[in-house]
Amino acid sequence: MLKIYNTQTRKTEEFKPINNNKVNMYVCGPTVYSDIHIGNARPVIFFDVLKNYLEFINYEVYYVSNITDVDDKIIEEAKKAKLTELELTKKYTKAFIEATNKVNSNLPDLMPKATNYIKEMVKYIKVLIDKGFAYQTESGVYFDSTKLSEYGSISNQNKEELEKSVRIENKGDKRDFKDFSLWKITDDQGIKFESPWGEGRPGWHTECAVMNHEIFNGVLDIHGGGSDLIFPHHENENIQTIAHSGHELSKYWMHVGRLDFGDEKMSKSLGNTVLVKDIDNGLAFRLLILAHHYRRPISFNNELFDEYIQIYDRITKTLKRTNLKLGVNFNQDEVDEEIISKFVDEMNNDLNTSNVITLILQEIKNLNKINDIIDIKKTYNSITKILNVLNIMPEYKLTKEIVNKYEAWEEARQNKDFDLADTLRKELSNEGWI
Ligand SMILES: [Zn+2]
């Protein structure tokens with residue numbers, strides 16, 4: 001039985017989707033104005049693993065992650081880069097997809113763009129105003145955070161704590177500083193949309209609430225993102241759904257921990273950001289991420305990364321050597337049930353990929369020790385099956401030619417043809433097969 005930690009209840013709960021074996025999952029995606037850094041890649045990796053694992057235990061998953069393509073930062077960046085907003089967001093949507101590929105995550109089933117839902121957003125905001133949960137001012141439309149007692153339930157904050165959490169900035173013409181913008185009226189040069197309240201742009205929290213309403217009727221099994229989104233973003237998405245539709249947005253709320261550079265937050269101003277496009281081993285990076293429990297913070301540094309590059313190399317070499325031993329055609333369905341059941345137990349315990357990586361490394365060690373060919377085959381198959389669920393399976397393919405070369409090497413050694421043996425050994429070794 002799968003158990004997951006629910007941020008809202010602060011408890012590890014049994015996972016029971018709303019509709020039998022169907023799982024609707026929405027993860028907040030990127031605002032596309034720059035290349036993503038490795039901290040941004042953590043949820044991209046984790047929720048991909050979650051989807052794969054849910055499918056592995058026979059759930060049917062529909063995974064949506066949005067693209068925020070309207071935002072003040074986009075307008076600013078577009079101006080700086082002398083591009084239109086559309087050119088800029090296209091460029092960085094493409095870059096995001098490349099980064100997703102680099103860390104070996106599959107793309108979500110759907111990646112809706114906020115700008116395709118402007119009409120729906122306007123309609124949604126109208127309902128909130130009609131129901132008395134939102135009000136119009138000169139600067140735009142705001143959500144009235146004082147109307148519903150559920151406000152604070154995602155981040156587990158009472159009224160006083162909420163007030164402290166909200167950055168106290170220019171209050172403008174909001175009634176309460178916890179109130180948040182649904183529609184921002186603007187006459188600046190950036191992209192604007194028509195609305196009954198004046199030309200402007202939707203608020204970020206409204207974008208996600210509306211896309212969820214349109215795609216899932218506002219009912220999710222899992223809503224996820226980085227832990228920095230718990231407040232205010234997810235709190236504000238949820239309260240709008242309650243106000244608009246009369247129910248909570250999601251049954252489970254899952255949040256991925258931060259990734260810092262050493263002890264410092266990764267940020268442009270500190271000059272310590274590492275971009276996904278600049279790392280040279282996406283799979284070793286993915287291994288590093290999964291070696292840490294998803295809710296724990298990660299303190300990243302280059303030495304740590306080097307360590308995982310070496311570990312990944314060790315895994316790859318052992319698997320290739322074992323594959324060569326097993327040959328080209330062997331039954332890949334035969335597994336060691338004990339290894340698979342350990343894997344399932346760890347994953348069912350709030351997706352403990354960290355213990356799964358430990359299990360894999362133990363079994364990799366074992367592969368180098370055991371002699372029984374059936375044992376070797378079962379262990380090999382079990383490891384590769386798990387690596388495939390985690391999407392960290394090394395890329396290699398044993399071919400007839402490689403097997404022939406290996407046999408020729410053995411023959412040359414037997415015939416004491418040392419020159420030939422040496423050449424073949426070098427070739428096989430360079431390719432990582434021996
Ligand atoms: Zn969101």
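Asp 375 is found in helix H12, which spans residues 373-389. The model described here is predicted. Asp 375 is partly exposed, because 14 other C-beta atoms lie within 10 Å, and a residue counts as buried only from 20 or more and as exposed at 12 or fewer. Asp 375 and Phe 177 are 198 residues apart along the chain, and their C-alpha atoms are separated by 64 Å.

Ser 145 and Ile 374 are 229 residues apart in sequence, with 64 Å between their C-alpha atoms. The place of Ser 145 is in the loop between strand E6 (140-143) and helix H5 (159-165). Ser 145 counts as buried because 23 C-beta neighbours lie inside 10 Å. Residues up to four places away in sequence aside, Ser 145 touches Tyr 151, Asp 176, Lys 178, Asp 179 and Phe 180.

The overall dimensions give the setting for these distances. Along the principal axes, the C-alpha atoms fill a box of roughly 90 × 50 × 35 Å. The protein has 434 residues, and buried residues make up 38% of them. There are 14 helices and twelve strands. Contacts between residues at least 6 apart in sequence were also examined, and 74% of these join residues at least 24 apart.

The protein is divided into three parts: domain 1 (3-279), domain 2 (302-389) and domain 3 (400-430). The centres of domain 2 and domain 3, taken over C-alpha atoms, are separated by 27 Å.

Nonpolar residues were considered next. In soluble globular proteins, nonpolar side chains tend to be buried together. The largest nonpolar core holds 92 residues, and Ile 125 and Leu 287 touch the most other members. Helix H1 (residues 41-56) gives the most to this core, with nine residues. Domain 1 (3-279) and domain 2 (302-389) both give residues to the core, so it lies between them. Leu 287 touches Tyr 308, Ile 311, Tyr 312, Ile 357 and Ile 392, residues up to four places away in sequence not being counted.

Phe 285 has its place in helix H8 (residues 282-290). Phe 285 counts as buried because 25 C-beta neighbours lie inside 10 Å. Residues up to four places away in sequence are again left out: Phe 285 touches Ile 38, Val 103, Ile 279 and Phe 305. Phe 285 and Tyr 308 are 23 residues apart in sequence, and the distance from C-alpha to C-alpha is 7.2 Å. Tyr 308 is also among the residues touched by Leu 287.

Helix packing was examined for one pair. Two packed helices are described by the angle between their axes and the distance between the axes. The axes of helix H4 (residues 118-130) and helix H6 (residues 204-216) come within 10 Å and cross at roughly 100 degrees. That makes H4 roughly perpendicular to H6, because angles of 65 to 115 degrees are counted in this way. On the H4 side, the contact is made by Glu 120, Met 121, Tyr 124 and Ile 125. On the H6 side, the contact is made by Thr 206, Glu 207, Val 210, His 213 and Glu 214. The residues of the contact divide into four nonpolar, two polar and three charged. Ile 125 of H4 is also one of the two residues that touch the most other members of the largest nonpolar core.

Backbone geometry was then considered. Most residues other than glycine have a negative phi, and most peptide bonds are trans. Asn 104 has a positive phi, near 65 degrees, and is a residue other than glycine. Asn 104 has its place in the loop between helix H3 (85-102) and H4. Asn 104 is partly exposed, because 17 other C-beta atoms lie within 10 Å.

Asp 350 is not a glycine either, yet its phi is positive, at about 55 degrees. Asp 350 is found in the loop between helix H10 (337-348) and helix H11 (353-367). Asp 350 is partly exposed, because 19 other C-beta atoms lie within 10 Å, and the cut-off for a buried residue is 20 or more.

A cis peptide bond runs from Phe 231 to Pro 232, with omega near 0 degrees. Pro 232 lies in helix H7 (residues 230-245).

How values were computed: Residues are numbered from 1 along each chain as its sequence is written. This is a predicted model: local features need pLDDT of at least 70, side-chain atom pairs count only at pLDDT 80 or more; totals for chains, interfaces and linings use all residues. Domain bounds come from an automatic or database domain assignment. A nonpolar core is a set of buried Ala, Val, Leu, Ile, Met, Phe, Trp, Tyr and Cys residues joined through C-beta atoms within 7 Å. Helices (H or I, at least four residues) and strands (E, at least two) are DSSP runs, numbered from the N terminus. Two residues are in contact if their C-beta atoms, placed from the backbone, lie within 7 Å. Axes are lines fitted to C-alpha atoms, for helices over the stretch in contact, and angles run from 0 to 180 degrees between N-to-C directions. Angles under 35 degrees count as roughly parallel, over 145 as roughly antiparallel, 65 to 115 as roughly perpendicular and the rest as oblique. Ala, Val, Leu, Ile, Met, Phe, Trp, Tyr, Cys and Pro count as nonpolar, Asp, Glu, Lys and Arg as charged, and the others, Gly among them, as polar.
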